[in-house]
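Keep the sequence and the model open beside you as you go.

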Amino acid sequence: MLCGLILAVGCTYDSDIDTSGFGSEGDGVTTVNIRATLPEFGGVTRGVDSAQGGTTNIDWEEDSLRVIIKAFGDENEPEEKYRGMVAASEVLYLDDTSVGTDGRVAISLDMPLTSGHTYDIYMWADYVEKGSTEDLHYNTADFPAITLKHDVPVINDETLDAFYGKAEIAVGDGYYVWAEGTQFPISRAVAKLRMVATDADSASAARATLQTDMFYTGFNIATEELTESDAAVKSDKTTFETYTVENSTTTKSFITAYMLWPAEQSANIVAEFYDG
């Protein structure tokens with residue numbers, strides 16, 4: 001069975017804050033409150049709902065939501081040596097108690113920054129194994145450049161959901177001013193696909209694959225640019241999921257996938273369902 005899609009389109013914490021080398025001697029430190037809300041596609045439902053995102057569907061006994069926030073010296077800093085320098089960073093590890101009844105996650109943290117400077121603040125939120133600080137799906141070693149750790153799409157894994165945000169802030173002596181608004185803006189870094197086998201009344205398929213002629217393997221939070229693979233790719237064969245059509249006994253086969261994706265981009269994506 002085949003189906004195709006034209007696609008058009010994320011507690012405990014570790015702290016690594018060092019403001020001592022940022023700014024001239026005698027500079028003060030101002031505490032900046034960063035507030036952000038990670039979006040969700042809707043309310044919490046029982047079991048896995050393929051229309052929902054990771055905060056609804058992941059196994060919180062196995063995984064945690066990781067939020068990385070780093071402040072860099074802005075490119076407009078008067079002294080060149082401060083431009084691009086990491087001024088402060090925080091990493092949060094959140095569990096299901098952070099998820100509201102609407103499936104959203106509200107984040108609020110205080111970050112001390114040296115006064116008298118302008119900063120670019122970047123945020124990345126993804127999922128990691130519970131109790132681990134290691135990257136799971138996305139390599140963050142070159143932050144704010146993010147790279148996918150997979151060469152092909154991964155099917156039916158809600159922990160691939162991810163979010164990002166960026167904002168500029170000017171910090172004075174005891175005050176700070178965001179370039180836009182008062183809450184840190186957050187967007188999804190990925191598009192979620194749901195591919196349903198429409199040419200069968202029952203879930204006769206056993207496994208499925210997904211093939212796309214466009215596949216992105218990297219994303220830069222600062223520039224919002226994506227890195228595209230050189231060729232079309234196909235996922236490994238994976239067990240499909242099923243759902244029962246509302247007000248019916250009909251069962252459908254489907255797969256889901258999260259992929260890094262630009263806001264306005266179409267692609268030819270094909271899911272193939274196998275009987276065995």
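**Exercise 1. The overall picture**

How many helices and how many strands does the secondary structure of the chain contain? Then find what share of the residues is buried.

*Solution.* Bear in mind from the start that this is a predicted model.
- Step 1: The secondary structure comes to 1 helix and 21 strands.
- Step 2: The chain has 276 residues, and buried residues make up 46% of them.
- Step 3: The accessible surface of the chain is about 13,400 Å², and carbon and sulfur atoms account for 43% of it.

**Exercise 2. A serine in a strand**

Is S64 buried or exposed, and which residues does S64 touch?

*Solution.* 
- Step 1: Locate S64 in strand β4, which covers residues 63-73.
- Step 2: The cut-off for buried is under 20% relative accessible area. S64 has 8% relative accessibility, so S64 counts as buried.
- Step 3: Leave out residues up to four places away in sequence, and the contacts of S64 are L94, D126, Y127, V128, E129, K130 and G131.

**Exercise 3. A four-stranded sheet**

In what order do the strands of the open sheet with 4 strands lie, and which are the edge strands?

*Solution.* 
- Step 1: The order is β8-β9-β15-β16, with antiparallel pairing.
- Step 2: The edge strands are β8 (138-139) and β16 (225-228), each of which pairs on one side only.
- Step 3: A reminder for reading any sheet: strands pair through backbone hydrogen bonds, either parallel or antiparallel.
- Step 4: β8 and strand β9 (residues 145-148) run antiparallel and are joined by 2 bridges. Here N139 stands opposite T147 of β9.
- Step 5: Look at the turn. β15 and β16 form a hairpin with 4 residues between them, and E224 in that turn has a positive phi of about 60 degrees.

**Exercise 4. A three-stranded sheet**

Which strands form the open sheet with 3 strands, and how many bridges pair β13 with strand β20?

*Solution.* 
- Step 1: The sheet runs β13-β20-β19, and its pairing is antiparallel.
- Step 2: β13 (190-196) and β19 (241-244) are the edge strands, each pairing on one side only.
- Step 3: From one strand to the next, the twist averages 35 degrees.
- Step 4: β13 pairs with strand β20 (residues 251-260) over 7 bridges, in the antiparallel sense.

**Exercise 5. Salt bridges across the sequence**

How many salt bridges does the structure hold? Follow three of them, and ask which parts of the chain they link.

*Solution.* 
- Step 1: The structure holds 6 salt bridges.
- Step 2: The side chains of K192 and E158 meet in one of them, at 3.1 Å from N to O. K192 is in strand β13 and E158 in the loop between β9 and β10 (163-171), so to speak distant parts of the chain, 34 residues apart. Both K192 and E158 are buried.
- Step 3: D161 forms a salt bridge with R188, with the closest N and O atoms 2.8 Å apart. This pair links the loop between β9 and β10, where D161 lies, to strand β12 (residues 187-188), where R188 lies; they are 27 residues apart. D161 and R188 are both buried.
- Step 4: K166 and E224 form a salt bridge whose closest N and O atoms are 3.5 Å apart. K166 lies in strand β10 and E224 in the loop between β15 and β16, so this pair ties together parts 58 residues apart in sequence.
- Step 5: Check the exposure of this last pair. K166 is partly exposed because its relative accessible area is 29%, and E224 is partly exposed at 38%.

**Exercise 6. An isoleucine and its distance to a valine**

Is I269 buried or exposed, and how many Å separate I269 and V233, C-alpha to C-alpha?

*Solution.* 
- Step 1: Find I269 in strand β21 (residues 268-274).
- Step 2: I269 has a relative accessible area of 0%, so I269 is buried.
- Step 3: I269 and V233 are 36 residues apart in sequence, and their C-alpha atoms are 10.0 Å apart in space.

Methods
Residues are numbered from 1 along each chain as its sequence is written. This is a predicted model: local features need pLDDT of at least 70, side-chain atom pairs count only at pLDDT 80 or more; totals for chains, interfaces and linings use all residues. Side-chain values use heavy atoms; hydrogens and water are left out. Buried means under 20% relative accessible area, exposed over 50%, partly exposed in between (1.4 Å probe, protein chains only). Contact means heavy atoms within 4.5 Å. Accessible areas come from the Shrake-Rupley method with a 1.4 Å probe; for residues, only the protein chains shown count as cover. Two strands pair if DSSP finds at least two bridges between them. Axes are lines fitted to C-alpha atoms, for helices over the stretch in contact, and angles run from 0 to 180 degrees between N-to-C directions. A salt bridge is a side-chain nitrogen of Lys or Arg within 4 Å of a carboxyl oxygen of Asp or Glu.
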